[in-house]
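Let's take a friendly walk through one part of a protein. Have a look at the picture first, and then read on.

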Amino acid sequence: MSRLIVISNRVSRPSKAGNQGGLAVALAEALRESRGTWIGWSGEVTDHFTGHIGFAEDDGVKTATIDLEEQDIDEYYNGYANKTLWPLFHFRIDLAEYARDFEGGYNRVNQRFADTAAPLIEPEDIIWVHDYHMIPLGQMLRDRGHRNRMGFFLHIPWPPTRLLVSLPHHSKLVSSLFAYDVVGFHTEEWLESFRHYVEKEMGGRVEGDFVTVGDRTIQAVACPIGINAKEFAEAADSKAARDMGDRLRASLQDRAMIVGVDRLDYSKGLEERFNGYARFLKDHPEHHRKVLLTQVAPPSRGDVESYQQIRATLDSLAGRLNGEYSDVDWTPIRYVNQGYPRDKLAGIYRAAKIGLVTPLRDGMNLVAKEYVAAQDPEDPGVLILSRFAGAALQLKDALLINPYSPEEMSDAINRALAMPLDERKRRWRAMMDSVEQQDISWWRQSFTERLMAVDRNTARVAPEPVAG
């Protein structure tokens, strides 16, 4: 069996505490099976980049990490990745910042990752690069002579062509994807956007899963990521989950809880969610004192100004909403800026009558699937889901809404609270079937099987970038 080499911005070492996300668990399993290595940034800062590689092995998973300089983090991570690509790819062109230093830092750090990975790669290895931080890495490895099977998976949306062309040197960035053999997206929508760009901006052609520019043909596929449904369902029955659920139910005093769990990010639609909930309280005074919203929103990317702004906005909205509607023994919103381990999170999900997942744009959104997997089959809650989340294409039995409409959100909350048990069970069962069938193992196997089947004699010459 070929070794698998995973390369991503951050490396997640196996944890016996059960705090890892589904992606980390799935990749760790594949790395154990193939005796592979996970390469990436350690998360640590060094005064001067030396190229030193820190090797470790945890629970059968080998990792190789490098430290980055402060300038690298400012320009590559906080800069190009999270001030330029992240907002642009989430359709927030108004928040995207374009700076030569950002792009220069992005390319410099990708070169450093390529220099780190190059001596660790053997000819039969299969290389799997992850996410927007490392789009050009494959081409840089090709430039160093590596002819391995190589795949790339984008975990965020791919923007429409009309937005992507606003990025300086956009064609150079997209051209670098043709160094890979298989490029994966979560949904057909993101895949279609990629194909459209290639046809309109690069003069390429699309034939089924194959996309050709010049003499280079790659496979571009939609492959929706899942969760470890069985493990998450079991976590919801664990002692830690039950204890958390009991704590919540005791504090609720027979009130219905709505839950939202999101990283603090403008793409998650948190401001719109608070406004939709406020509209519900205005429209339905009969539910006052009978319901509350618990929003778990651990902060992220605190060095990026737009994230500081969203936190300030939410602090203000939560305070105003509670000030307007609270009573001496009822607060309509609990706003929590901290994260929880997965088993406790499963207990929070199960205690909630409604899961409110309302991103403005999301590649997939695994919280929606986690909420479904954590439910009690005999008394499941109701998922309210943004139609702009990738998960909406699979979880069609959720109550799908437009998160920009406070009225739609208000109506959906009211409907969910009144939904009969039989309907809740029917909707949950259909969604759980999807979550179980297309789980994290299915996603990993679907992608890696395509990659392993690649004919290594295929031309690997990346196209020359066109003007743009």
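## A residue and its contacts

The side chains of D362 and K268 make a polar contact at 3.1 Å; such a contact is a pair of N or O atoms within 3.5 Å, where one must be able to donate a hydrogen and the other to accept it, and residues adjacent in sequence count only if both atoms are side-chain atoms. This is a predicted model, in which local features need pLDDT of at least 70 and side-chain atom pairs count only at pLDDT 80 or more, while totals for chains, interfaces and linings use all residues. Residues are numbered from 1 along each chain as its sequence is written, and side-chain values use heavy atoms, leaving out hydrogens and water.

Is D362 buried or exposed? D362 counts as buried because its relative accessibility is 7% (buried is under 20% relative accessible area, exposed over 50%, partly exposed in between, with a 1.4 Å probe and protein chains only). Beyond its neighbours within four places in sequence, D362 is in contact (heavy atoms within 4.5 Å) with residues including P157, W190 and F388.

## Where it sits

D362 is found in the loop that links strand 14 (354-357) to helix 13 (366-373). Helices (H or I, at least four residues) and strands (E, at least two) are DSSP runs, numbered from the N terminus.

Six strands form an open sheet with parallel pairing, in the order 13-12-11-14-15-16; two strands pair if DSSP finds at least two bridges between them. Strand 13 (333-336) and strand 16 (399-401) are at the edges with a single partner strand each, so one side of each has no neighbour in the sheet.
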